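Here is a short report on one protein chain. Look at the model first, then read on.

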Amino acid sequence: MNTHESAEDYLETILILGNSGKRVRSIDIVNELDYTKPSVSVAMKKLRESGCIVMDGDGYITLTESGRKIAESIYERHTLLFDWLTSLGVDKETALKDACRMEHCVSEKSFTAIKKHIYLLKNLYLGE
(Lines give C-alpha, C1' and ligand atoms only; values in the text may rest on other atoms or scores of the structure.)
Protein backbone atom coordinates (compact mmCIF):
# COMPACT_ATOMS: atom_id res chain seq x y z
CA MET A 1 0.00 0.00 0.00
CA ASN A 2 1.28 3.45 -0.91
CA THR A 3 0.71 5.98 1.88
CA HIS A 4 1.43 9.64 2.39
CA GLU A 5 3.81 10.94 5.02
CA SER A 6 1.02 12.24 7.26
CA ALA A 7 -0.79 8.89 7.18
CA GLU A 8 2.46 7.15 8.09
CA ASP A 9 2.93 9.55 11.01
CA TYR A 10 -0.56 8.82 12.30
CA LEU A 11 -0.08 5.06 11.99
CA GLU A 12 3.30 5.23 13.71
CA THR A 13 1.78 7.27 16.54
CA ILE A 14 -1.06 4.77 16.98
CA LEU A 15 1.52 1.96 17.15
CA ILE A 16 3.69 3.76 19.70
CA LEU A 17 0.73 4.72 21.90
CA GLY A 18 -0.68 1.20 21.65
CA ASN A 19 2.69 -0.33 22.52
CA SER A 20 2.72 1.73 25.71
CA GLY A 21 -0.10 -0.46 26.96
CA LYS A 22 -3.00 1.92 26.60
CA ARG A 23 -5.98 1.81 24.30
CA VAL A 24 -5.78 4.57 21.73
CA ARG A 25 -8.43 7.16 20.96
CA SER A 26 -8.33 10.14 18.63
CA ILE A 27 -7.78 12.53 21.55
CA ASP A 28 -4.58 10.67 22.42
CA ILE A 29 -3.30 11.32 18.91
CA VAL A 30 -4.33 14.99 19.19
CA ASN A 31 -2.34 15.29 22.40
CA GLU A 32 0.69 13.34 21.16
CA LEU A 33 1.08 15.13 17.83
CA ASP A 34 -0.34 18.51 18.91
CA TYR A 35 -2.73 18.51 15.95
CA THR A 36 -6.27 19.83 15.97
CA LYS A 37 -9.21 17.53 16.70
CA PRO A 38 -10.76 18.16 13.26
CA SER A 39 -7.49 17.27 11.50
CA VAL A 40 -7.16 14.02 13.42
CA SER A 41 -10.82 13.20 12.84
CA VAL A 42 -10.44 13.62 9.06
CA ALA A 43 -7.24 11.54 9.09
CA MET A 44 -8.87 8.74 11.10
CA LYS A 45 -11.75 8.64 8.62
CA LYS A 46 -9.29 8.31 5.73
CA LEU A 47 -7.32 5.61 7.54
CA ARG A 48 -10.56 3.69 8.23
CA GLU A 49 -11.60 3.99 4.60
CA SER A 50 -8.20 2.78 3.41
CA GLY A 51 -8.39 -0.24 5.73
CA CYS A 52 -5.45 0.75 7.96
CA ILE A 53 -7.43 1.10 11.19
CA VAL A 54 -10.70 0.05 12.75
CA MET A 55 -12.53 2.05 15.37
CA ASP A 56 -14.95 0.47 17.83
CA GLY A 57 -18.16 2.00 19.14
CA ASP A 58 -16.32 3.62 22.04
CA GLY A 59 -13.85 5.33 19.71
CA TYR A 60 -10.90 3.06 20.41
CA ILE A 61 -8.55 2.67 17.45
CA THR A 62 -6.85 -0.55 16.42
CA LEU A 63 -4.41 -1.04 13.59
CA THR A 64 -5.40 -3.57 10.96
CA GLU A 65 -2.81 -5.99 9.65
CA SER A 66 -1.99 -3.66 6.75
CA GLY A 67 -1.92 -0.60 9.04
CA ARG A 68 0.36 -2.38 11.51
CA LYS A 69 2.73 -3.39 8.71
CA ILE A 70 3.08 0.22 7.57
CA ALA A 71 3.42 1.52 11.14
CA GLU A 72 6.08 -1.03 12.09
CA SER A 73 8.06 -0.29 8.94
CA ILE A 74 8.04 3.45 9.61
CA TYR A 75 8.87 2.92 13.29
CA GLU A 76 11.80 0.66 12.42
CA ARG A 77 13.12 3.29 10.01
CA HIS A 78 12.66 6.02 12.60
CA THR A 79 14.43 4.22 15.43
CA LEU A 80 17.30 2.93 13.31
CA LEU A 81 17.92 6.31 11.66
CA PHE A 82 17.67 8.16 14.99
CA ASP A 83 20.09 5.76 16.68
CA TRP A 84 22.48 5.94 13.71
CA LEU A 85 22.50 9.74 13.66
CA THR A 86 23.06 10.02 17.41
CA SER A 87 25.87 7.46 17.20
CA LEU A 88 27.50 9.74 14.62
CA GLY A 89 27.43 12.58 17.15
CA VAL A 90 24.30 14.39 16.00
CA ASP A 91 22.46 15.92 18.96
CA LYS A 92 19.20 14.19 19.89
CA GLU A 93 16.90 17.06 18.91
CA THR A 94 18.39 17.34 15.42
CA ALA A 95 18.57 13.56 15.02
CA LEU A 96 14.89 13.27 15.95
CA LYS A 97 13.83 15.88 13.41
CA ASP A 98 16.03 14.43 10.68
CA ALA A 99 14.98 10.83 11.33
CA CYS A 100 11.32 11.90 11.17
CA ARG A 101 11.90 13.39 7.72
CA MET A 102 14.21 10.67 6.42
CA GLU A 103 11.97 7.77 7.45
CA HIS A 104 9.42 8.77 4.82
CA CYS A 105 11.61 9.50 1.84
CA VAL A 106 14.33 6.86 1.86
CA SER A 107 13.64 4.01 -0.55
CA GLU A 108 13.33 0.44 0.67
CA LYS A 109 16.49 -0.44 -1.26
CA SER A 110 18.52 2.35 0.36
CA PHE A 111 17.12 1.67 3.82
CA THR A 112 18.01 -2.00 3.54
CA ALA A 113 21.57 -1.06 2.52
CA ILE A 114 21.87 1.40 5.43
CA LYS A 115 20.53 -1.21 7.85
CA LYS A 116 22.98 -3.86 6.60
CA HIS A 117 25.86 -1.39 6.89
CA ILE A 118 24.92 -0.41 10.45
CA TYR A 119 24.59 -4.04 11.56
CA LEU A 120 27.90 -4.91 9.90
CA LEU A 121 29.65 -2.09 11.74
CA LYS A 122 27.95 -3.05 14.99
CA ASN A 123 29.14 -6.64 14.60
CA LEU A 124 32.69 -5.52 13.77
CA TYR A 125 32.93 -3.17 16.76
CA LEU A 126 31.13 -5.32 19.27
CA GLY A 127 32.33 -8.69 18.00
CA GLU A 128 28.77 -9.97 17.71
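Pro38, Lys46 and Glu49 of helix H3 are exposed. This is a predicted model. The three exposed residues lie on the other side of H3 from its buried set, which consists of Val40, Ala43, Met44 and Leu47. Those four cover an arc of only 100° around the axis, so they sit on the same side of H3. What covers them? The cover includes helix H1 (5–19), helix H2 (26–33), strand E2 (53–55) and strand E3 (60–63).

H3 runs over residues 37–49. Its 13 residues should span 18 Å at 1.5 Å a residue, and its end C-alpha atoms are 18 Å apart, so the two values agree. Just after H3 comes Gly51, with a positive phi of about 80°.

**The chain as a whole**

The chain has 128 residues, of which 32% count as buried. Its secondary structure comes to 6 helices and 3 strands. The order from the N terminus is α-β-α-α-β-β-α-α-α. Along its principal axes, the C-alpha trace spans about 50 × 30 × 25 Å. Take the contacts with a separation of 6 or more: 53% of them come from residues 24 or more positions apart.

H1 has 15 residues. From first C-alpha to last, H1 reaches 21 Å, close to the 21 Å expected at 1.5 Å a residue. The buried residues in H1 include Ala7, Glu8, Asp9, Tyr10 and Leu11. Glu12, Thr13, Ile14, Leu15 and Leu17 of H1 are buried as well. After H1 comes Gly21, whose phi is positive, near 95°.

How do H1 and helix H4 (residues 65–87) pack? Their axes are 8 Å apart, at an angle of about 90°. That angle falls within 65 to 115 degrees, so H1 is roughly perpendicular to H4. On the H1 side, the contact involves Glu8, Leu11, Glu12, Leu15, Ile16 and Asn19. On the H4 side are Gly67, Arg68, Ile70, Ala71, Glu72, Ile74, Tyr75 and His78. The residues of this contact divide into 7 nonpolar, 3 polar and 4 charged.

Helix H5 (residues 92–105) has 14 residues. Its first and last C-alpha atoms are 20 Å apart, close to the 20 Å expected at 1.5 Å a residue. Ala95, Ala99, Glu103 and His104 are the buried residues of H5. They pack against H1 and H4.

Which residues does Asp9 contact, leaving aside its neighbours within four places in sequence? They are Glu103 and His104. Asp9 and Glu103 are 94 residues apart in sequence, and their C-alpha atoms are 9.9 Å apart in space. Asp9 has 18% relative accessibility, so it counts as buried; the cut-off for buried is under 20%.

| Residue | Relative accessibility | Class |
|---|---|---|
| Asp9 | 18% | buried |
| Asp34 | 70% | exposed |
| Cys52 | 1% | buried |
| Ser66 | 31% | partly exposed |

Asp34 lies in the loop between H2 and H3. Most residues other than glycine have a negative phi. Asp34 is not a glycine, yet its phi is positive, about 60°.

Cys52 is found in the loop between H3 and E2. Cys52 and Tyr35 are 17 residues apart in sequence. Their C-alpha atoms are 20 Å apart in space.

Ser66 is found in helix H4. Not counting residues up to four places away in sequence, Ser66 touches Gly51 and Cys52. Cys52 is buried, at 1% relative accessibility. Where does Ser66 stand relative to Lys109? The two are 43 residues apart along the chain, and their C-alpha atoms are separated by 20 Å.

Methods: Residues numbered from 1 in each chain as written. Predicted model: local features only at pLDDT ≥ 70, side-chain atom pairs only at ≥ 80, totals over all residues. Heavy atoms only, no water. Helix = DSSP H or I, 4+ residues; strand = E, 2+ residues; numbered from the N terminus. Expected span 1.5 Å × (residues − 1). Buried < 20%, exposed > 50% of the residue type's maximum accessible area, 1.4 Å probe, protein only. Arc of directions from axis to C-beta. Contact = heavy atoms within 4.5 Å. Axes fitted to C-alpha atoms, helices over the stretch in contact; angles between N-to-C directions. Parallel < 35°, antiparallel > 145°, perpendicular 65-115°, else oblique. Nonpolar A, V, L, I, M, F, W, Y, C, P; charged D, E, K, R; others polar.
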